[in-house]
Amino acid sequence: LPCKVGDTVYWCPDLNDRTWILSAEVTEIFVWHGGQIRLSLPDLNIEPIVPNAHLFFTRAEAEAALKGEKEDV
């Protein structure tokens, strides 16, 4: 699994906006038939599927993604 319950993950809701990073605690991890992984992030009211280009497991990864997107413009 990419993380565990209780970990903090970081989400960039819109990399094109390039302004903020949200964080939330993983409360549940669902593994669906076929290996699809879905994280429950109730603080953000989302359940993203992993891998997800806007979901990161460290703040540094999220900041690097935002910086990389900014440099691409």
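## Close-up views of a predicted model

**View 1. A three-stranded open sheet.** The strands of this open sheet run in the order E2-E1-E6, and their pairing is antiparallel. Its edge strands, each pairing on one side only, are strand E2 (22–25) and strand E6 (55–56). Strand E1 (residues 8–11) joins E6 over two bridges, in the antiparallel sense. Across this pairing, Trp11 stands opposite Leu55 in E6. Strands (E, at least two residues) and helices (H or I, at least four) are DSSP runs, numbered from the N terminus. Two strands pair if DSSP finds at least two bridges between them. Strands of a sheet pair through backbone hydrogen bonds, either parallel or antiparallel.

**View 2. Confidence along the chain.** This is a predicted model: local features need pLDDT of at least 70, side-chain atom pairs count only at pLDDT 80 or more, and totals for chains, interfaces and linings use all residues. Residues are numbered from 1 along each chain as its sequence is written, and side-chain values use heavy atoms, with hydrogens and water left out. The predictor's confidence in each residue is its pLDDT, from 0 to 100. For the protein, the mean pLDDT is 85, and 88% of residues reach 70 or more. Confidence is highest in strand E3 (residues 28–31), at 94, and lowest in H1, at a mean of 78.

**View 3. The aromatic pair.** Rings of Phe, Tyr and Trp (its six-membered ring) pair if their centres lie within 6.5 Å; planes under 30 degrees apart count as stacked, over 60 as edge-to-face and the rest as tilted. The count comes to one aromatic pair. The ring centres of Phe30 and Trp32 are 6.1 Å apart and the planes are at 25 degrees, so this pair is stacked. Phe30 is partly exposed, at 24% relative accessible area. Trp32 is partly exposed too, at 43%. Buried means under 20% relative accessible area, exposed over 50%, and partly exposed in between (1.4 Å probe, protein chains only).

View 4. The whole structure holds one salt bridge (a side-chain nitrogen of Lys or Arg within 4 Å of a carboxyl oxygen of Asp or Glu). Arg59 and Glu63 form this link, at 3.2 Å, N to O. Both residues lie in helix H1 (residues 59–72), four residues apart, about one turn of the helix. Arg59 is partly exposed, at 39%, and Glu63 is partly exposed, at 42%.

**View 5. Thr27 and its contacts.** Thr27 is in the loop between E2 and E3. Thr27 counts as partly exposed, at 34% relative accessibility. Leaving out residues up to four places away in sequence, Thr27 touches Val5, Ser40 and Pro42 (contact means heavy atoms within 4.5 Å).
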